[in-house]
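This report describes one protein chain together with its ligand. Please consult the sequence and the structure shown below while reading.

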Amino acid sequence: MIRVDALTVRFRTAAGLVDAVRGASFHVAAGEVFGLVGESGSGKSTILRALSGLTPVAEGSLHIAGADRDTRRRDVQMVFQDPYGSLHPRFTVDQTLREPLRINRIGDHEARIVNALREVGLNPSFRFRYPHQLSGGQRQRVAIARALIVEPRVLLLDEPTSALDVSVQAEILNLLKRLHQERNLTMILVSHNLAVVGFLCSRVAIMRNGEIVEKLSIESVRAQQVESEYSRSLLLATGGYRRKVAEAFGVDASL
Ligand SMILES: Nc1ncnc2c1ncn2[C@@H]1O[C@H](COP(=O)(O)OP(=O)(O)OP(=O)(O)O)[C@@H](O)[C@H]1O
Ligand SMILES: [Mg+2]
């Protein structure tokens, strides 16, 4: 469904050209959830931005099955880390959900909006609220509804739960898991947290300094069968947090 080959993304900065992503390659099968993990600045968001067409590709290629330049805007949707910043503060939920329908020339707004809210577990009465009248978790549900309302084939999730309390994180992750199962969506999930990734993903790529250092099945991550020292240090770094997360998500605490 998604194929990324030797992708390099280059930015012009005051200090000259910087490769934010260097020679990254991976593929994601239709209906698979793939994880991207790595320290801050390693290039995770840049890969998602390139996939959604927000950032140009300098070298290499990326391919999304069936999507061309014109349909990519609808087929590939993104959910961002910060549900405060990503929703327009002066738009009601209704306006927020109506906008992508209008842009993509999709009809039947009323039914789709009510349906989208129900799918993310929000009562239709939330339609006329503004973002400041919602909790962080409710905002992220609205952001997910906004992404799904155009029926994309690929959902890119950039740290969708890291701004939320652990218990709310668990709710949102369970919601994403259910949506993935119901819709057979292809997803890429970016997270600092291996426990979060392990809950949803079947495979992960570990990134560092713009490069993919290792690709692992989630079973290898669980068994701590990692090759690079860096992946091992990431596993250890999530250790302090993992029990709390494992309890909240009901996942394997050994992760
Ligand atoms: N528009 C831009 N112009 C210049 N440099 C950029 C731009 N966007 C990102 N970068 C740089 O590219 C590198 C990778 O950034 P990116 O946002 O992809 O990292 P990340 O892995 O998502 O980090 P985080 O976990 O903190 O979100 C960083 O060094 C960043 O400063
Ligand atoms: Mg990022």
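Helices are DSSP runs of H or I with at least four residues, numbered from the N terminus. The model discussed here is predicted.

**The ligand site**

Around ligand 1 there are 13 residues, and the closest are Ser40, Gly41, Lys44, Ser45 and Thr46. Helix 1 supplies the largest share of this shell, namely three residues. By class, the shell consists of eight polar, three charged and two nonpolar residues.

| Residue | Atom of the residue | Atom of the ligand | Distance |
|---|---|---|---|
| Gly41 | backbone N or O | oxygen of ligand 1 | 2.8 Å |
| Gly43 | backbone N or O | oxygen of ligand 1 | 3.0 Å |
| Thr46 | side-chain N or O | oxygen of ligand 1 | 2.5 Å |

On its own, ligand 1 has 640 Å² of accessible area, of which the protein covers 60%. The elements that contribute two or more residues to the shell are strand 1 (2-13) and helix 1 (44-51).

**Strand 3**

Strand 3 (residues 33-38) is largely enclosed by the rest of the structure, because six of its six residues are buried. Val33, Gly35 and Val37 point one way from strand 3, whereas Phe34, Leu36 and Gly38 point the other way. Strand 3 pairs in the parallel sense with strand 7 (residues 186-191) over five bridges, and Gly35 stands opposite Leu189 there. Strand 3 also pairs with strand 8 (residues 203-208), in the parallel sense and over five bridges. Within strand 8, Met207 is the bridge partner of Gly38.

**Domains**

The chain is divided into domain 1 (2-223) and domain 2 (227-255). Their centres, taken over C-alpha atoms, are separated by 22 Å.

Methods:
Residues are numbered from 1 along each chain as its sequence is written. Chains are lettered from A and ligands numbered from 1 in the order in which they are written. This is a predicted model: local features need pLDDT of at least 70, side-chain atom pairs count only at pLDDT 80 or more; totals for chains, interfaces and linings use all residues. Side-chain values use heavy atoms; hydrogens and water are left out. Buried means under 20% relative accessible area, exposed over 50%, partly exposed in between (1.4 Å probe, protein chains only). Two strands pair if DSSP finds at least two bridges between them. Domain bounds come from an automatic or database domain assignment. A residue is near a molecule or strand if one of its heavy atoms lies within 4 Å of it. A polar contact is a pair of N or O atoms within 3.5 Å; within protein, one must be able to donate a hydrogen and the other to accept it, and residues adjacent in sequence count only if both atoms are side-chain atoms. Accessible areas come from the Shrake-Rupley method with a 1.4 Å probe; for residues, only the protein chains shown count as cover. Ala, Val, Leu, Ile, Met, Phe, Trp, Tyr, Cys and Pro count as nonpolar, Asp, Glu, Lys and Arg as charged, and the others, Gly among them, as polar.
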